[in-house]
Amino acid sequence: MLIEAVRLRHVRGFGEEGVALSGLGEGLNVLSARNEFGKSTIFDALKAALFLKSTSRHKDVASLQPDPGGGAPEVEIDFIAEGRSLTLKKRFMSRPMAEIADRMTGRILHEADDAERFLRELMGADKPSEGPAGLLWVAQGESLQQPDAREGRAEAIQSALDAELDDVAGGERSRLVLEKAKTALDAMVTAERQQPKAGSDYKRAADEVAALAEAETLLEGKVHASFKTRESLSAAQDELARLTAPEEAGKLEAALEEAQEALRAGRAEAAALAGLESEAERLAREDVAARIALERRRAAEAEAQSAAAALEAAAKAESAARQALESAKKSEAAAKNASADAEHAAKKAEARLASARRAQEARRAAETRQALAARIERAGEILSALKTLGPPREAPDIPALEKAAEAAIRAEAAADAQRTSLEVEAADGSARLDGKPLEPGDRVALADGARLTVGDAVRLRVAAPHRQGEKLAEEARARLASLLGEAGAKTLAEARTLAEAVAEQARTRRALTEERDRLAPEGLAPLEADAAELDALLSAAAGAAEDSPPLTEAEAAQSEAAFSLAEARRGLDMAREREAAAAARSNEAVVEKRVAETRVQEKMLALGPEAEWPERRAALEKAQAETSAAAGTARAAHAEAKARLPKLGQLEADVRRFGEAVRNRRERIDACRNDIASLEERLRHEQAQGAEERLSATREQRAAAEEALGRYRLQAEALRLLVDALSAARGERRALLQAPVTAELRPLLAALFPDSGLVLGDDLSPAALTRSSGEEPVTRLSGGTREQIAVLTRLAFARLMSARGRAVPVVLDDALVFADDDRIARMFTAMTLAAPGIQIIVFTCRSRVFDELGGRRVEPGPLTRGAGQPSASAPPEAKEDSLAAIRR
Amino acid sequence: MSPFRFIHTADWQLGKPFGRFGPELRRDLSSARIEAIGTIARTARAEGAGHVVVAGDVWDSETPTDETLLQPLDAMAAARDVTWWLLPGNHDPAARHGLWDRLRSRGLPSNVRALCEESPVEAAPGVIFLPAPWRSKNPGRDLTEDLATQPTAEGMLRIGIAHGGTTEFASNAQQSAVIADGAAERAGLDYLALGDWHGHKKVDERCWYAGTPEPDSFPRNEPGYVLSVRVEPGRPPEVTPVKTGRYHWSRDSLALLAEDDPVARFDALYEGGPERRYRLSRLDVTGTVRLDRRAALLAHIEAERARYAFLEADHATLDTIAEADDLSVFSGEASLEDAAGRLLAGAKDPAAGEEARLTARLALDLLMTYAA
């Protein structure tokens with residue numbers, strides 16, 4: 001088909017005057033016009049005239065109408081088909097008509113439905129979206145849509161590929177089979193995981209298997225439960241039969257009766273035993289009381305003896321203290337006399353010193369030298385003596401020692417007063433203290449815990465009072481010994497002697513030192529200097545008093561006397577102190593003695609006259625022996641009765657046991673009856689449900705369901721296999737089928753994309769562009785590239801169809817919108833390459849750009865101005881206003 | 001003494017679920033088993049027998065539903081002129097608190113007698129029934145051994161009633177309760193009525209299996225009968241099988257040759273047989289078939305199924321051959337031919353597993369169906 005001219009009237013903006021395109025021919029035809037001119041109207045009118053019936057009320061037809069009252073749309077197309085020049089005339093909407101006339105003869109070849117059928121066969125479709133137009137025409141705004149041969153469009157290209165189809169024979173039928181298989185498979189399984197699909201029989205079978213398996217488990221549980229109920233019921237009935245068996249009935253009750261009787265007898269014996277036990281306990285208490293009384297007596301006697309011994313010791317101490325006091329008083333008197341003597345001597349020495357001094361004054365000059373000589377001599381002696389004496393020594397602390405000695409004596413006395421002693425007045429050899437026999441006249445101290453035995457029958461243990469006095473005495477002695485050790489003496493007397501010696505030495509040193517200091521405070525040298533000076537003076541003077549004692553002698557005597565006086569006074573003070581201490585000790589001893597006397601008197605008062613002690617003690621011992629014997633007898637009687645007594649605990653346990661057994665049996669019988677009633681009811685209910693029958697049915701149903709599921713699974717597998725096999729077969733065929741299209745496409749593609757190729761899909765639509773950088777899906781390419789590929793593919797289809805004698809024009813309405821300058825130039829080259837042998841009609845508003853396209857320029861013109869001229873080959877009569885025929 | 005005539009039947013297995021079938025067929029098959037009771041009663045009347053002995057497995061399970069338990073009793077009670085003697089078998093043993101206790105607690109119709117004890121029962125003057133009931137599913141011994149220890153008065157007819165397999169088909173029987181050869185002779189019986197084998201079968205001169213009166217599986221024996229038995233002292237029993245089954249179950253086979261018309265062969269197989277709506281057939285289709293005829297056969301079988309109570313064809317081992325002519329069905333569409341060739345190769349590939357070959361065969365069948 002080759003379109004030569006198009007004429008419109010009453011189509012949208014083209015009103016009564018209409019529009020005409022003429023001079024269209026093979027190759028490139030370019031209609032370049034401004035926006036709003038009506039290019040798309042011409043495009044739509046072409047589609048409507050070629051594919052829609054004149055009687056159609058399709059929206060695409062309705063949209064062709066002009067403004068209201070503008071008349072019915074009319075379209076007229078001159079074209080060449082099947083070697084003939086023809087004209088198609090159509091009017092839509094109002095008074096529709098369709099007509100095809102031979103332009104050479106003017107003869108109307110087809111009218112009305114016949115004309116529509118002719119057109120349908122010619123165009124291969126009766127819808128604009130199908131057939132060649134659907135494949136090859138690009139409406140405005142659809143430039144990005146890729147051409148494809150799906151559905152009805154397939155025939156357009158496939159009819160052109162009949163030869164290939166004949167060769168590969170993989171056409172519509174295999175597609176339908178594949179579709180059916182895919183549809184069937186898709187209905188059965190999910191796309192991704194190939195799992196049974198919701199709503200499918202396959203899924204229902206799988207669900208049924210699962211549900212039946214669950215039901216089976218449930219029923220197995222019920223069957224098992226019913227079985228258990230039967231077992232429990234049998235067990236309960238068996239137990240009830242055993243419990244109620246005649247030979248068993250009453251056996252337990254009789255045993256209980258017997259046990260109760262035995263318990264009653266046992267309890268009577270136990271009551272009698274309690275009386276014996278009470279008597280034995282009473283006698284035992286009496287025996288204990290007698291024993292305590294005896295022991296107390298003995299202890300009191302021992303205490304009385306001890307108190308008497310203490311009194312004796314106190315008396316001795318008191319006597320010793322009194323003697324010490326007397327002695328101290330004598331010492332004090334002697335010291336007083338010595339002090340008076342010393343005082344007298346001192347006064348005498350003072351007088352002599354005064355005389356000497358007076359003599360000295362008289363003999364001052366001579367004596368001075370003499371004195372000085374003596375002084376020098378004396379000083380030399382003193383220094384020598386001091387050297388002989390050696391270093392000073394420390395004197396023992398006599399007061400401290402005396403105080404410690406006194407404390408030791410007092411502590412010892414106090415301890416002694418506390419000590420208990422035992423005096424053995426008579427003995428037969430059976431009495432022993434801590435295993436040592438006691439002899440008459442022995443007096444031994446009783447230590448705490450000491451054991452006194454009299455034969456085998458009497459054994460006494462000494463419980464002495466506390467020993468605080470002993471401890472204090474020991475501490476006092478230790479203190480004294482420690483002080484003596486420090487003083488370097490063994491006794492107080494030795495210490496005193498030592499102290500005297502030290503004091504004497506100190507006194508000597510002090511005297512010597514004093515004299516030295518007095519005589520030669522600055523050493524001998526100054527004195528000797530003075531002597532030399534005096535000698536010089538004496539040699540000048542003559543005479544000196546000779547009868548006066550020398551002053552130094554007098555002074556020494558006076559000093560010694562004074563020293564003796566001081567010593568005597570100190571000795572007096574000490575004697576007085578000792579006398580006071582002795583007096584205090586004497587007083588204390590008196591007190592202690594009185595205390596001891598009081599204690600002795602108290603003990604004696606409690607114990608009675610000492611002569612009666614053995615008798616009274618013997619009476620107590622006899623009483624204790626009697627109570628002991630009685631208690632022993634009672635104990636034996638109680639033990640004998642106790643040994644005879646039956647074990648009440650066991651008897652009570654038997655009674656309890658048989659009582660519980662009787663009760664248990666009755667309760668068990670009741671429980672069995674209850675259990676049986678309840679189990680029978682449960683069993684009735686369980687059996688009525690027929691779990692086993694239902695389980696059997698469920699198992700069979702599950703087996704059948706699993707078989708069905710297996711069949712569905714196999715069916716799905718088989719469908720997958722079929723889809724795979726058909727897809728593979730079709731894939732191989734597709735490659736053969738696409739070969740001619742690819743061959744047409746290759747040179748066009750090279751003009752735009754050198755070294756590239758195009759992968760076509762099942763529907764022959766461009767799927768991917770392969771370049772050196774790899775394969776890119778068309779959907780991911782830029783808008784410009786997609787648009788260009790879409791046009792190139794259409795051109796290739798058109799060339800292929802034209803080559804196979806099925807020429808159809810390619811109509812592009814603003815199909816290159818996104819191309820840049822470089823690409824559009826290459827597209828023009830590709831279109832020019834494709835143009836020979838086919839018809840390409842290009843509508844564009846980009847006149848300046850498309851000026852470079854070349855091709856045939858088509859100018860629109862009004863019908864009235866003869867713009868719609870018939871083709872050159874048309875006869876003259878056909879060049880008339882052909883729309884007149886439409887009007888007819 | 002006059003001869004004693006009775007009906008010997010067994011293995012009713014009431015309540016058998018038939019779970020592998022659809023719900024309607026399940027219901028029909030179950031109903032047929034109950035309705036068989038009426039058929040047996042009519043047979044008894046026709047044969048002049050007043051007693052029907054059911055030799056075990058009256059019910060299919062130990063705990064049937066109340067409906068399954070009670071409805072057959074009503075059917076038996078309805079035949080007042082017949083006394084029904086029911087023996088517990090391995091499916092419905094007389095276990096404690098089991099089915100038979102349940103029956104006793106509900107009360108049996110006056111003309112129905114349960115043989116739950118091993119003791120002899122005088123069924124009619126001069127006729128002693130010696131039952132060997134099952135008390136558990138695994139008795140562990142030949143229960144007919146005890147029959148010999150049960151004496152009866154001189155001149156009485158001794159009729160043993162037992163259930164279990166014999167040594168002849170021990171592999172199918174409960175090993176623990178296999179009935180030894182010569183059981184009737186050993187126990188001094190005039191007749192030993194056995195149950196368990198679902199086809200009717202003569203064991204020896206005095207010992208028979210009655211089989212099930214209404215078939216319940218695809219057997220290799222002859223089910224669907226009861227035995228009309230005539231016993232007379234001093235003479236061998238006269239045993240006559242009488243057909244009672246409504247449904248006909250069969251295992252059928254169709255062995256095809258490549259040159260056969262498989263559809264015609266199929267039609268011929270079932271021509272003239274029992275009425276199809278009462279027919280249950282499991283058909284094994286074997287041999288060889290051409291590709292184009294295979295689809296036709298399968299389509300035909302599928303179309304025919306509606307006529308039958310049940311028809312199941314197994315053609316897993318049916319071999320298919322395809323020659324150039326056979327592919328004409330694809331009208332020269334090479335991709336279809338190519339796919340068919342691939343699938344056929346897969347169906348015959350010895351290296352592939354059986355399942356893979358089966359899948360390929362089914363895929364080929366589907367291709368033929370879709371391309372038809």
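Good morning. Buried area is the accessible area, taken with a 1.4 Å probe, that two parts lose on being put together, summed over both. In this predicted model, chain B and chain A bury about 3,700 Å² between them, and 56% of that area lies on carbon and sulfur atoms. On the side of chain B, B:Thr63, B:His97 and B:Tyr370 supply 20% of the area buried against chain A, more than any other three residues. The contact draws 42 residues from chain B and 46 residues from chain A.

Let me turn to the polar terms. Four salt bridges are counted between the two chains, chain B and chain A. One of the pairs in a salt bridge is B:Arg96 with A:Asp238, whose closest N and O atoms are 2.8 Å apart. Across the interface of chain B and chain A, 19 residue pairs are in polar contact.

Which element gives the most to the side of chain B that touches chain A? That is α8(B), with nine residues. The residues of this side of chain B divide into 18 nonpolar, 12 polar and 12 charged.

I close with a strand in chain A. Seven of the eight residues of β4(A), residues 74-81, are buried, so this strand is largely enclosed by the rest of the structure. Seven bridges join β4(A) to β1(A), residues 2-9, in an antiparallel arrangement, and there A:Leu2 stands opposite A:Ile80. Eight bridges join β4(A) to β5(A), residues 84-91, also running antiparallel, with A:Phe79 opposite A:Leu86. In the hairpin of β4(A) and β5(A), two residues lie between the strands, and A:Glu82 takes a positive phi near 50°. Thank you.

Terms used:
Residues numbered from 1 in each chain as written. Chains lettered and ligands numbered in written order. Predicted model: local features only at pLDDT ≥ 70, side-chain atom pairs only at ≥ 80, totals over all residues. Heavy atoms only, no water. Buried < 20%, exposed > 50% of the residue type's maximum accessible area, 1.4 Å probe, protein only. Helix = DSSP H or I, 4+ residues; strand = E, 2+ residues; numbered from the N terminus. Pairing = 2+ DSSP bridges. Contact = heavy atoms within 4.5 Å. Salt bridge = Lys/Arg side-chain N within 4 Å of Asp/Glu carboxyl O. Polar contact = N/O pair within 3.5 Å; in protein donor to acceptor, adjacent residues only side chain to side chain. Nonpolar A, V, L, I, M, F, W, Y, C, P; charged D, E, K, R; others polar.
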